[in-house]
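My entries follow in the order in which I checked them.

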Amino acid sequence: MDVEEWMLEDAEVAFVTFGSPARPALRAAKDARAQGIRAGFLKLRCCGPPEKIIDRVGRQARRIIVPEMNMGRFLGR
(Lines give C-alpha, C1' and ligand atoms only; values in the text may rest on other atoms or scores of the structure.)
Protein backbone atom coordinates (compact mmCIF):
# COMPACT_ATOMS: atom_id res chain seq x y z
CA MET A 1 0.00 0.00 0.00
CA ASP A 2 1.30 3.38 -0.93
CA VAL A 3 1.18 5.21 2.40
CA GLU A 4 3.56 6.78 4.89
CA GLU A 5 2.88 6.12 8.58
CA TRP A 6 4.38 7.79 11.64
CA MET A 7 3.69 6.95 15.30
CA LEU A 8 0.27 5.38 14.69
CA GLU A 9 0.88 2.43 17.01
CA ASP A 10 -0.49 4.21 20.10
CA ALA A 11 -2.09 7.30 18.53
CA GLU A 12 -5.26 8.69 20.07
CA VAL A 13 -5.29 11.49 17.47
CA ALA A 14 -4.46 10.69 13.85
CA PHE A 15 -3.78 13.16 11.06
CA VAL A 16 -4.79 11.61 7.72
CA THR A 17 -3.44 13.57 4.77
CA PHE A 18 -3.08 13.63 1.02
CA GLY A 19 -1.00 16.07 -1.00
CA SER A 20 0.27 19.44 0.18
CA PRO A 21 -1.18 19.40 3.74
CA ALA A 22 1.10 16.44 4.60
CA ARG A 23 4.12 18.41 5.84
CA PRO A 24 2.17 20.74 8.14
CA ALA A 25 0.14 17.77 9.43
CA LEU A 26 3.31 15.83 10.25
CA ARG A 27 4.69 18.90 12.03
CA ALA A 28 1.42 19.19 13.99
CA ALA A 29 1.63 15.51 14.98
CA LYS A 30 5.23 15.98 16.15
CA ASP A 31 4.29 19.12 18.08
CA ALA A 32 1.39 17.30 19.70
CA ARG A 33 3.72 14.45 20.72
CA ALA A 34 6.07 17.01 22.28
CA GLN A 35 3.13 18.22 24.37
CA GLY A 36 2.26 14.70 25.53
CA ILE A 37 -0.62 14.09 23.11
CA ARG A 38 -0.40 10.68 21.47
CA ALA A 39 -0.68 11.84 17.87
CA GLY A 40 0.11 9.95 14.69
CA PHE A 41 0.30 10.67 10.99
CA LEU A 42 -0.88 8.84 7.87
CA LYS A 43 -0.02 10.19 4.42
CA LEU A 44 -1.95 8.70 1.52
CA ARG A 45 -0.06 8.78 -1.76
CA CYS A 46 -3.09 7.91 -3.84
CA CYS A 47 -6.51 9.52 -3.55
CA GLY A 48 -8.38 6.24 -3.14
CA PRO A 49 -7.48 5.50 0.49
CA PRO A 50 -6.47 1.96 1.41
CA GLU A 51 -9.55 0.84 3.33
CA LYS A 52 -7.77 -1.60 5.65
CA ILE A 53 -5.41 1.08 6.95
CA ILE A 54 -8.17 3.67 7.29
CA ASP A 55 -10.29 1.12 9.16
CA ARG A 56 -7.40 0.25 11.52
CA VAL A 57 -6.63 3.89 12.28
CA GLY A 58 -10.32 4.70 12.69
CA ARG A 59 -10.84 1.92 15.22
CA GLN A 60 -7.76 2.89 17.23
CA ALA A 61 -7.76 6.70 17.30
CA ARG A 62 -10.27 8.63 19.38
CA ARG A 63 -10.09 11.51 16.90
CA ILE A 64 -9.10 11.74 13.23
CA ILE A 65 -8.10 15.06 11.69
CA VAL A 66 -8.17 15.35 7.89
CA PRO A 67 -6.62 18.63 6.72
CA GLU A 68 -7.77 19.02 3.11
CA MET A 69 -7.02 21.46 0.34
CA ASN A 70 -9.24 19.74 -2.21
CA MET A 71 -12.85 20.67 -1.44
CA GLY A 72 -13.70 17.63 0.67
CA ARG A 73 -12.33 14.76 -1.39
CA PHE A 74 -12.29 12.45 1.64
CA LEU A 75 -15.38 13.87 3.31
CA GLY A 76 -17.95 11.17 3.96
CA ARG A 77 -15.62 8.20 3.58
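I began with Arg 45, which at a relative accessible area of 42% is partly exposed (buried is under 20%, exposed over 50%, partly exposed in between, with a 1.4 Å probe and protein chains only). The model is predicted, so I kept in mind that local features need pLDDT of at least 70 and side-chain atom pairs pLDDT 80 or more, while totals for chains, interfaces and linings use all residues. Residues are numbered from 1 along each chain as its sequence is written, and side-chain values use heavy atoms, without hydrogens and water.

I found Arg 45 in a salt bridge with Glu 4, their closest N and O atoms 3.3 Å apart (a side-chain nitrogen of Lys or Arg within 4 Å of a carboxyl oxygen of Asp or Glu). Arg 45 sits in the loop between strand E3 (39-44) and H2, and Glu 4 in strand E1 (residues 3-6), so the pair ties together parts 41 residues apart in sequence; helices (H or I, at least four residues) and strands (E, at least two) are DSSP runs, numbered from the N terminus.

I next noted that Glu 12 forms a salt bridge with Arg 38, with 2.1 Å between the closest N and O atoms. Glu 12 lies in the loop between E1 and E2 and Arg 38 in the loop between H1 and E3, 26 residues apart.

Finally I turned to Thr 17 in strand E2 (residues 13-18), which is buried at a relative accessible area of 0%. Leu 26, in helix H1 (residues 22-34), also counts as buried, at 18% relative accessibility.
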